[in-house]
Amino acid sequence: MDGVGKSEQAIVSQKQSNEPDISEVDLWGSGKETAERRACVKRNSDEQSMSRTQSRKHDMSQALERVRQRAKQDRKVRFTALLHHLSIEALRAAFQRLKVQAAAGADGLSWKTYSAELEDNLRRLHQRLQRGSYRPVPARRVYIPKADGRQRPLGIAALEDKILQSALCEVLNAIYETDFVGFSYGFRPGRNQHQALDAIVVGIRYKKVNWVLDADIRGYFDTIDHQWLQRFLQHRIGDQRVMRLIGKWLKAGVMEEGEWKASEEGTPQGATISPLLANIYLHYVFDLWMEQWRKRHARGEVIVVRYADDFIIGFQDQWDAQRFRVDLKERMEKFALSLNEGKTRLIEFGRYANERRKKRNEGKALTFDFLGFTHICSKASTGKLQILRRTIRKRRNAKLQAISEQLRYRREEPIAEQGAWLHRVLDGYYRYHAVHGNLRVLGAIRTEIAQRWYRSLRRRSHKRKLTWKKMHLHVTRWLPQPKVLHPWPEERFFARHNSR
């Protein structure tokens, strides 16, 4: 909405004195919700060549395209009839998008079990949804280790909850993708981490950036305020059935060690719809406010890149950076969020950072971490600023530790099976981390894995020790050499934006 920069009340409600009433739209041409159109009508024989499934998918895509176009035309419109888009065809498509081997939720249903009677299950789920009798199952709480040694809580949703959430995400994405700003990259269709990494490198190199604010929100997904989220959603969603459906998911709670726990705030990490809801929340709390702050208060140039709750802001002027940090803290507190002061840092970074710090006898410029990489100020052979990216040391060590533990469990497996598994692990790791300037780090990781594999294999038998000469053959066969898999950030960024 266009209320950013006004009072906080204007963010969540439109003033009748200076804004028109928000329109109510029914995309099917009437004021009431109607049934889905028939996917296929018996006409000519040439029209019957299209299968019924293809026709339904075509109707679904057309319906969402109408939603997208209407949302794009009018940024204030509220959609009052959305639930009919959650048709059986949409639920079937959502089920097919789920991972076959995904862990089961508290209901215990697996993808394979549900697919045995898929059509009947989807029909009953659709009927419960239309009657309003659908009730979500509390998410199953599990914990996964983080790189810093702490535990990250995840909520594994029930299978039918995943289906409905995935189907609704398709509908909401058609609306909100027209609203989201360009510097938001996290969990959006057609966007990924490397596009965000490209943007931050290009921004620092081609804009006048001298200071970088590395901000971190404390426990973001666990502290989202439900009331604020619902008020933000109401700017675009006028269908109260959809609002109640989202409310049910937020209030479903979690099951931990057989005990139900209520969820009064936050969105469960691991739920299909959580990333989208988190993006919507920060869209109103941060993105729109950030655009207005940059226009109204900044003296120099300001760049910003956000991926979910991780964001990097670059400033030309130190005074802008210091003022923004204070304003950002106040802004977050107004919406029940808080900055992690231990991880939020303002550092001198950019084209002249090393020279200026050297004159002050402060050593090299500090670094910042973003999306798995440590960013370092350096110079290219031409003398221009170059941003080196290295895999974060903590995450590298955590990965090696995880591989060592798996090697211990797999010690008695045949060497070929262990080698094939290590090949898959390294190949997947390279796909993300094999950027320019990081090959030396990846080579060191490969060498360390080879040594740990060698020590693991030598413990299998005390009679015949494996020699390194023979081990070298296994390493050469199974452990792939790293090579650059991503272009230079400027190449991909400018090609994507068709500009320079």
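Phenylalanine 187 counts as partly exposed because its relative accessibility is 45% (buried means under 20% relative accessible area, exposed over 50%, partly exposed in between; 1.4 Å probe, protein chains only). The model is predicted: local features need pLDDT of at least 70, side-chain atom pairs count only at pLDDT 80 or more, and totals for chains, interfaces and linings use all residues. Residues are numbered from 1 along each chain as its sequence is written, and side-chain values use heavy atoms, with hydrogens and water left out.

Phenylalanine 187 is not a glycine, yet has a positive phi of about 55 degrees. Most residues other than glycine have a negative phi. Phenylalanine 187 sits in the loop between α6 and α7 (193-206). Helices (H or I, at least four residues) and strands (E, at least two) are DSSP runs, numbered from the N terminus.

Alanine 308 likewise is not a glycine and has a positive phi of about 55 degrees. This residue lies in the loop between β8 and β9. At 8% relative accessibility, alanine 308 counts as buried.

Strands β8 and β9 form a hairpin with two residues between them. Strand β9 (residues 310-315) runs antiparallel to β8, and six bridges join the two; strands pair if DSSP finds at least two bridges between them. Valine 302 has phenylalanine 315 as its bridge partner in β9. Six of the six residues of β8 (residues 302-307) are buried, so this strand is largely enclosed by the rest of the structure. Val302, Val304 and Arg306 point one way, and Ile303, Val305 and Tyr307 the other. In a regular strand the side chains alternate between the two faces of the sheet.

Helices α3 (residues 88-97) and α6 (residues 159-176) pack at an angle of about 110 degrees, with axes 8 Å apart. Axes are lines fitted to C-alpha atoms, for helices over the stretch in contact, and angles run from 0 to 180 degrees between N-to-C directions. The two helices are therefore roughly perpendicular (65 to 115 degrees). Contacts (heavy atoms within 4.5 Å) involve residues including Leu91, Ala94 and Phe95 in α3, and Ile163 and Ala167 among those in α6.

Note on methods. Parallel < 35°, antiparallel > 145°, perpendicular 65-115°, else oblique.
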